[in-house]
Amino acid sequence: MNSPTIRTGHGFDLHQLVEGRKLILGGVEIPHPLGLLGHSDADCLIHALADSILGGLALPDIGHHFPDNDPANQNLDSSIILQKVVSLCHEKGFYIGNVDLTLIAQRPKLAPHLAEMRKNLSRLLQIQEDCIGIKATTHEGIGSLGREEGIAAHAVCLLFKT
């Protein structure tokens, strides 16, 4: 049986907002009094994106590849995680066709930062900016995200066999 030459992957991540941490999304530092809590820099957008690629490859999630009980991953720049996942994707004989990303945050307003995130992700993914869809929405004041307790991200990717 042959493996498919086109694959999709989906990723999701959510981190709590807390004082005393920088807010980093898509590898971009966002001015805000709260940041995301996590073992690494807690960039939920990059984490969801990396998980979508790993899912498309039918591999375990980033927690398997970058466990939170490994001191080497403490405060790790999530851009490094994404670079390693992209390298793994290429090693497995796939390349990334496009990605579609959604951030969910009541505050801060993320629209002013999306272009910079897109540019940064283009470099990390080694694909053109016009292959990266990225949008931000609020949670309309509903639930923990609406109460500004955290930020979440969804990611979908399309992978092609080389």
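Trainee: Which residues are buried in α1?
Mentor: This is a predicted model, by the way. In α1, the buried ones are Cys44, Leu45, Ile46, His47, Ala48, Leu49, Ala50, Asp51, Ser52, Ile53, Leu54 and Gly56. That's 12 of the helix's 13 residues, so to speak mostly covered.

Trainee: Ok, and how far does α1 reach from its first C-alpha to its last?
Mentor: It spans 18 Å over residues 44-56, close to the 18 Å expected at 1.5 Å a residue.

Trainee: Switching to strands. In what order do they sit in the open sheet?
Mentor: There are 5 of them, ordered β4-β1-β7-β5-β6, and the pairing is mixed. β4 (34-36) and β6 are the edge strands, each pairing on one side only. From one strand to the next, the twist averages 20 degrees.

Trainee: Mixed how? Do β1 and β7 run parallel or antiparallel?
Mentor: Antiparallel, with 11 bridges joining β1 (residues 6-19) to β7 (residues 150-161). Find Phe12 and you'll see His154 of β7 standing opposite. β5 (residues 94-104) and β6 (residues 132-137), on the other hand, pair in the parallel sense over 6 bridges.

Trainee: How does the chain cross from β5 to β6?
Mentor: Through helix α4 (residues 114-125), and this β-α-β crossover is right-handed. α4 lies across both β5 and β6, at about 145 degrees to β6.

Trainee: And what does α3 touch on the sheet?
Mentor: Helix α3 (residues 78-91) packs against β5 and β7, and its direction makes about 145 degrees with that of β5.

Trainee: Now the inside. Which residues touch the most other members of the largest nonpolar core?
Mentor: Leu25, Ile53, Leu82, Leu103, Leu121 and Leu125, out of 45 residues in that core. Several elements each supply at least two residues, including β2 (23-25), β3 (28-30) and β6. The largest share, 8 residues, comes from α1.

Trainee: Last one: what is Leu103 in contact with, beyond its neighbours within four places in sequence?
Mentor: Quite a list, including Leu25, Cys44, Leu45, Leu114, Met117 and Ile151. Ala136 is on it too, and that residue of β6 stands opposite Leu103.

How values were computed. Residues numbered from 1 in each chain as written. Predicted model: local features only at pLDDT ≥ 70, side-chain atom pairs only at ≥ 80, totals over all residues. Heavy atoms only, no water. Helix = DSSP H or I, 4+ residues; strand = E, 2+ residues; numbered from the N terminus. Expected span 1.5 Å × (residues − 1). Buried < 20%, exposed > 50% of the residue type's maximum accessible area, 1.4 Å probe, protein only. Pairing = 2+ DSSP bridges. Right-handed = clockwise from strand over helix to strand, strands pointing away. Axes fitted to C-alpha atoms, helices over the stretch in contact; angles between N-to-C directions. Contact = heavy atoms within 4.5 Å. Core = buried A, V, L, I, M, F, W, Y, C linked by side-chain atoms within 4.5 Å.
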